[in-house]
Amino acid sequence: MRGTVKSGDTQAVVPGVTHDSRKVIAHGRLDGNKSSEIPVVRDVLECTGLERQKVSLDAHHCNPLTTAQVHRNGGSYLVQVKGNQRILQKQCCSSESSGEVLGENIEYDKANGRATARHTSVFSMKSLKFDKRWRDSGIKCLTVVKRESLEISTEKATSETSCYISNIPVDKSCGQQVADETARAVRGHWAVEADNYIRDKTFKEDDIKTKYGNQAQITGRLRGLAMAIIRGTGTNNFQEMIEEFTDSPESLKAVLKQAKFL
C-alpha cells in the first residue's frame with residue numbers, strides 16, 4: 001500500500017499491489033490537502049476484503065487500528081516497525097536480544113552489480129505485555145531481517161536491520177516455516193517498494209497534479225499498465241526502455257504487439 005498527498009495536490013492514489021505479479025488489485029483515493037493515507041488504507045482493506053487475506057504494510061501503517069482490523073477479520077499482517085512507534089520498536093529490539101530464535105532463513109543473490117546476503121530470524125512475542133492500544137492486534141511474531149550488501153565495482157559494503165511484527169503464531173514446531181514465509185513476504189514487499197521508486201522517479205508520479213473526479217486512479221492504472229508491459233520485455237532499466245521508445249516508435253509498436261496490446 002502506498003500514496004501520499006503533497007502540498008498543493010488535491011488527489012493522490014493508494015494502490016494495493018500483489019507480491020508475486022506486482023499487479024495493482026485495489027485503489028483508494030485521497031481527497032484534499034489534509035487527507036491521510038492511513039484511514040484510506042483501512043477503507044481499502046475493508047471494501048476489497050483484503051483485511052481477510054495476507055497483507056504487508058510499511059512502517060507508516062504500523063498503527064493499532066489497522067493491525068487490529070486485519071486480526072479481527074481473520075487476516076494476517078506483516079508490518080515494519082520504525083521510530084514512529086518508539087516503545088514498540090524497543091520491545092522488538094528487546095525480543096531480538098533476549099529471545100530464542102525459532103527459525104532462520106538465509107538467502108544470497110547477485111544482481112545489478114551488487115552481492116546481497118539476507119538473514120531472517122523469527123521470535124515469539126506472545127508473552128510480552130503490550131500497551132492496551134495494541135491488545136486487539138494479536139501480535140505474536142517478530143521477524144528481524146539483516147541485509148548486507150556489497151557493491152562489486154567499488155567494494156563498498158552496507159548493512160541494515162529491519163523489524164516486522166505479525167499476528168502469525170510461531171513456536172519451535174513451526175518456526176522454520178514461519179521464517180521462510182515471512183522472508184518471502186519481506187522480499188515481496190521490497191519488490192513492490194522498488195516499483196514505487198520507479199513510479200516516483202521514472203514516471204514522475206509525484207509531479208503529476210490531478211484535481212477532478214477519478215483522474216488519479218486512471219493515471220495510476222495507466223502507469224501500472226505501462227510498467228507491466230515494459231517488465232514483459234525482460235529489462236531492468238525502465239528509463240533506458242522509455243528512451244528507446246521515444247527514439248524509435250517502431251520499437252514501442254513491436255513491444256505492444258508482443259504484449260498483445262495492439
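**Core and salt bridges**

Tutor: Leu 88, Ile 139 and Ile 165 have the most contacts inside the largest nonpolar core, which has 25 residues. At least two residues of this core come from each of helix H1 (37–48), strands S3 (54–57) and S4 (76–81), helix H3 (86–98), and strands S7 (141–151) and S8 (156–166). H1 gives the largest share, four residues. This is a predicted model, in which local features need pLDDT of at least 70 and side-chain atom pairs count only at pLDDT 80 or more, while totals for chains, interfaces and linings use all residues. Residues are numbered from 1 along each chain as its sequence is written, and side-chain values use heavy atoms, leaving out hydrogens and water.

Student: What makes a set of residues a nonpolar core?
Tutor: They must be buried Ala, Val, Leu, Ile, Met, Phe, Trp, Tyr or Cys residues joined through side-chain atoms within 4.5 Å. Buried means under 20% relative accessible area, exposed over 50%, and partly exposed in between (1.4 Å probe, protein chains only). Helices (H or I, at least four residues) and strands (E, at least two) are DSSP runs, numbered from the N terminus.

Student: Which residues is Ile 165 in contact with, leaving aside its neighbours within four places in sequence?
Tutor: Contact means heavy atoms within 4.5 Å. The partners of Ile 165 include Tyr 77, Leu 88, Met 125, Trp 134 and Ile 139.

Student: Why is the pairing of Lys 172 with Glu 100 called a salt bridge?
Tutor: A salt bridge needs a side-chain nitrogen of Lys or Arg within 4 Å of a carboxyl oxygen of Asp or Glu. The closest N and O atoms of Lys 172 and Glu 100 are 3.4 Å apart, so the pair qualifies. These two residues are 72 residues apart, linking distant parts of the chain.

Student: Why does Lys 172 count as exposed?
Tutor: Because its relative accessibility is 63%, Lys 172 counts as exposed. Glu 100, at 45%, counts as partly exposed.

Student: How do you know that Arg 187 and Glu 107 form a salt bridge?
Tutor: Their closest N and O atoms are 3.9 Å apart, so they meet the rule. Arg 187 is in helix H4 and Glu 107 in strand S5, 80 residues apart. Both residues also belong to a network of salt bridges with Asp 109 and Arg 118.

Student: How many salt bridges does the rule give?
Tutor: The count comes to nine.
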